[in-house]
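Hi,

Here is the structure I said I would pass on.

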Amino acid sequence: MQRGGDYEVAVPREIRRLSLRVFDRTFAVTYLLEAVAVLIGLFGISASTSSQVLARRGEFGMLRHLGVTRAEIGRMLAVEGAALGTVGVVTGLAMGGIVSLILIYVVNRQSFHWTMDVHVPWGLLAVLSGVLITAAALTSVVSGRQAMGDDVVRAVKEDW
């Protein structure tokens, strides 16, 4: 039995270039999923801050009666959001590091019979972590803007 067909001969450089293009296309979906995960996380921070502001209306009203300014309450919410964002970033980096090591040293060896060197882009991770923590702080301030209004002062009067 004889088969006919076209064959293509390529040098290793072309094969590598083609392979990297396929990997890049595959990881484009991964980057999109990462962006969606970040948006979901920021939405979670927003929902959490909004519910906390509603639950703490009396507290914010009392702080306003004591002379705390709107800007100071905004800074307090920003610190709380940044702390929450920091917990998320640290947890994400730790879990991501563990998963990547499992993929490199276990899955690749068992599935593909090869491994690779680990390269951690510390600078990029630091910049992205800072951006995410800042976004969490800003999201908390925007979501908690109702805590800076005059209605929280009225909330204290309602309790009396």
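This is a predicted model: local features need pLDDT of at least 70, side-chain atom pairs count only at pLDDT 80 or more; totals for chains, interfaces and linings use all residues.

Helix 1 and helix 3 (70-112) are among what covers the buried residues of helix 4. Helices here are DSSP runs of H or I with at least four residues, strands are runs of E with at least two, and both are numbered from the N terminus. Buried means under 20% relative accessible area, exposed means over 50%, and partly exposed is in between, with a 1.4 Å probe and protein chains only. The buried set in helix 4 is S129, A135, A136, A137, T139, S140 and S143.

Residues are numbered from 1 along each chain as its sequence is written, and side-chain values use heavy atoms, with hydrogens and water left out.

Back to helix 4, which covers residues 122-143. Its 22 residues reach 31 Å from first C-alpha to last, close to the 32 Å expected at 1.5 Å a residue. (The expected span is 1.5 Å times one less than the number of residues.)

T139, in helix 4, has a relative accessible area of 17%, so it counts as buried. Leaving out residues up to four places away in sequence, T139 touches L42, I45 and S46; contact means heavy atoms within 4.5 Å. S143, also a helix 4 residue, is buried because its relative accessibility is 10%. In general, an α-helix has 3.6 residues a turn, so residues three or four places apart point the same way.

The buried residues of helix 1 are I45, T49 and V53, and what covers them includes helix 2 (57-65), helix 3 and helix 4. F43 counts as exposed because its relative accessible area is 61%. F43 and A136 are 93 residues apart in sequence, with their C-alpha atoms 9.4 Å apart in space.

On helix 3, look at G92. Its relative accessibility is 42%, so G92 counts as partly exposed. From G92 to S129 it is 37 residues in sequence and 9.8 Å in space, C-alpha to C-alpha.

Then there is the largest pocket, with about 2000 Å³ of space. Of the 43 residues that line it, E34, L93, G96, S100 and L125 are the closest to its centre. Helix 1, helix 3 and helix 4 are the elements that give two or more residues to this lining, and helix 3 gives the most, with 14 residues. The lining divides into 29 nonpolar, 11 polar and 3 charged residues. Nonpolar means Ala, Val, Leu, Ile, Met, Phe, Trp, Tyr, Cys and Pro, charged means Asp, Glu, Lys and Arg, and the others, Gly among them, are polar. A pocket is an open set of points on a 1 Å grid over the protein atoms alone, where a 1.4 Å probe fits, with protein on both sides within 12 Å along at least five of seven lines; lining residues have an atom within 4 Å of a point. Points are joined across faces, edges and corners, and the volume is the space filled by probe spheres set on them.

Lastly, the whole chain. The protein chain has 5 helices and 0 strands, running α-α-α-α-α from the N terminus. Of its 160 residues, 19% are buried. Among contacts between residues at least 6 apart in sequence, 77% join residues at least 24 apart.

Cheers
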